[in-house]
Amino acid sequence: MQFHHYGYVSTDPRVQPAAGVGLDRPEELPAEIDVLIVGSGPAGIVAAAQLAQFPNVVTRVVERRDGRLVLGQADGIQARSVETFQAFGFARSIIDEAYQITETSFWSPDPASPKNIVRSGVTPDDPQGISEFPHLIVNQARVIDYFAEYARRAPARGNIDYGYEFVDLAVGEGEYPVAVTLRKVTGQTGAGLNAATAADAISGDTVVVHAKYVIGADGASSRVRRSIGGSLSGSTSMHAWGVMDVLSVTDFPDIRKKCIIHSEAGSILHIPREGNHLARIYVDLGETDEHDRGKVRNTPLEDVIAQANAIMHPYTLDVRNVAWHSVYEVAHRLTDRFDDAETSPDGKSRVFLMGDACHTHSAKAGQGMNVSMQDGWNLGWKLGYVLEGRSPESLLQTYSDERRVTAKNLIDFDREWSTLMAKKPEEFDSPGELADFYVRTAEFPAGFMTEYTESMLTGNAAHQELATGFPLGKRFKSVETTRVADAVDVHLGHHHRADGRFRIYAFADAAGTQLAEWAEWLLANTESPLQRFTPLGGDLDSIFDVKAVFQQEHHAVDIMDVSKLFLPLTGPFQLVDYEKIYAAKPETDIFEERGISRDGAVVVVRPDHYVAAVLPLSDPAALASFFEPIFLAR
């Protein structure tokens, strides 16, 4: 963590100096807003946290509740999300309070006594070593808390405006073309899962604000989606599940492990939760009649608990307290649009949808909150770039193009997974079919199957062989290296903070001569992205965080011989940044681990961690060509 470069700091260094709109943020909603975010769930709050790093962008988040979320429905945190937490600076803190899933137990009918269940297998949670971060369970409310705190500490001092209900919007013309009608709401809506259930809420006066862009992150029944003519389409299975967060006493031996249980009475997905006592249990309630009209959703809690006991026989579950419960039927739905480009007067995207407003599915693969957070991060930095004049508006089209494919893949995967979970034991082709599927597809639920295709943000694969372990369009998979200046071992990707900058990793050739020439070109050539796109008067690394990675171990690298490109001056006192020069560790050589050419390579990584380009070190002009459509000249 870097601090003191703005002067001596004796308070919490995570609180960044206020800047721009953060210097005098008004309490009341301003009449004109750059980005209005409707909904403070995982998608909306991540977008807000990212935008808080753009101090010249006026961002406001409106939420119908009168305070923070108390009980959240989502709790599964995949490793990709923990990588995201690292970028936002709170991975260590949330890991400490979370439950970590390290393995999954599978239970099946006992062949000798089929009415009983027995443990039929155990598999590691990450058998392929997909990430250095763990799979976590922690309440959605706490995840939102962390991102909200990050936004409050960021330069723009972001926050949530509670007590505002979205009514409607209209897209017109002008600098702030979206007129949004909000209603002030009062009432005790902060303590429940869904503000819409607070029937005693009192609706007050309406207020109209004007925005350049609006984000609808307001859930599956999104009013923002309806206001742009959007809809969710798909299917609902005729299979019901009860879900409950419980404190219980049991003789079931794997109560503190993730378990997938199939018995003659039905199925259970059992997930221990944070705090060492709480557990979430998804209970199979069986097929429902097509004419049921949702009556199954009124199933009493006592019946859900009884069914859980029947499935777990011969073990018993003595439920002492229930924090939350629900009954639902699995629905797989996808929106027909992620923005309003089809209906806006000028054909430009002014309103965007994300999270449950775009995609709904079962909770059993733990994807809802995780994919929603990536929606928010994907769009957040792009809006910041456009609004600060760094990039053309065409950049925003990549949000819909990229996230629509991701959402479709999610729906397809979840449909297959939820179908397997609902199968009866005798319907499987083999006793290990479910476990095999779980291991075979581990990369998808862990959040690492997203792979963006060629676009203005993702280059072509002409030079992919220079760094085969950094596939284009996929997230940058970190490797431990040694920081040369202080000999500290650090994961290279862990210094990729959510500060809105592109990362350019220059992997040196063996002699370092090609790296030196490349660095000199970036520093001095008028066609260099640094020369063309760094704001006048801005720090050298204000837009591009350029790092060098040497093949030699750290003692063999003399930082006095390294280009000044990798020792930039930063902050008001123009202090040297020593966190740009790294060396391969002999025991985990990043060149070997990621298939990087010994002739050198350049790997460009987007602000949201995805590999954008792999280029030759010998052709610095290729870097300029890649950034040409993304940035506007200063």
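The model is predicted, with local features requiring pLDDT of at least 70, side-chain atom pairs counted only at pLDDT 80 or more, and totals for chains, interfaces and linings using all residues. Residues are numbered from 1 along each chain as its sequence is written, and side-chain values use heavy atoms, with hydrogens and water left out.

The predictor's confidence in each residue is given as pLDDT, on a scale from 0 to 100. The protein chain has a mean pLDDT of 91, and 95% of its residues reach 70 or more. Over residues 188-201, pLDDT stays under 50. The model has 29 contacts for this stretch beyond four places in sequence, a contact being heavy atoms within 4.5 Å. Where pLDDT is low, the predicted coordinates should not be read in detail.

Helices (H or I, at least four residues) and strands (E, at least two) are DSSP runs, numbered from the N terminus. Two strands are taken to pair if DSSP finds at least two bridges between them. Strands of a sheet pair through backbone hydrogen bonds, either parallel or antiparallel. Strand β5 covers residues 103-110. Residues are classed by relative accessible area: buried under 20%, exposed over 50%, and partly exposed in between (1.4 Å probe, protein chains only). Seven of the eight residues of β5 are buried. An antiparallel pairing over eight bridges links β5 with strand β6, residues 113-124. Within this pairing, Glu-103 has Pro-124 of β6 as its bridge partner.

An open sheet contains seven strands in the order β20-β19-β25-β22-β21-β26-β27, and its pairing is mixed. Strands β20 (488-491) and β27 (611-615) stand at the edges; each has a single partner strand, so one side of each is left without a neighbour in the sheet. From one strand to the next, the twist averages 30°, where axes are lines fitted to C-alpha atoms, for helices over the stretch in contact, and angles run from 0 to 180 degrees between N-to-C directions. Strand β19 (residues 480-483) and β20 run antiparallel and are joined by four bridges. In this pair of strands, Thr-482 stands opposite Asp-489 in β20.

Strand β21 (residues 502-507) contains Tyr-505. Tyr-505 has a relative accessible area of 0% and is therefore buried. Beyond four places in sequence, the residues that Tyr-505 touches include Phe-476, Leu-492, His-496, Lys-547 and Val-603. One of these contacts, with Lys-547, joins positions 42 residues apart in sequence, and the C-alpha atoms of Tyr-505 and Lys-547 are 5.0 Å apart in space.

A search of the whole structure gives 52 salt bridges, each defined as a side-chain nitrogen of Lys or Arg within 4 Å of a carboxyl oxygen of Asp or Glu. Glu-165 and Arg-223 form a salt bridge through their side chains, at 3.7 Å from N to O. This pair links distant parts of the chain, with Glu-165 in strand β9 (residues 164-171) and Arg-223 in helix α5 (residues 223-227), 58 residues apart. Glu-165 is buried at 9% relative accessibility, whereas Arg-223 is partly exposed at 35%.

Asp-545 and Lys-547 also meet in a salt bridge, at 3.2 Å from N to O. Asp-545 is buried, with 2% relative accessibility, and Lys-547 is likewise buried, with 3%. In the salt bridge between Asp-589 and Arg-598, the closest N and O atoms are 2.9 Å apart. Asp-589 is buried at 14% relative accessible area, while Arg-598 is partly exposed at 33%. Elsewhere, salt bridges that share partners join Asp-499, Arg-501, Arg-503, Asp-541, Asp-545, Lys-547, Asp-577 and Lys-580 into one network.

The cysteines were examined for disulfides, a disulfide being a pair of cysteine sulfur atoms within 2.5 Å. The count by this rule is zero. Cys-259 is buried, with a relative accessible area of 0%, and Cys-358 also counts as buried, at 0%.
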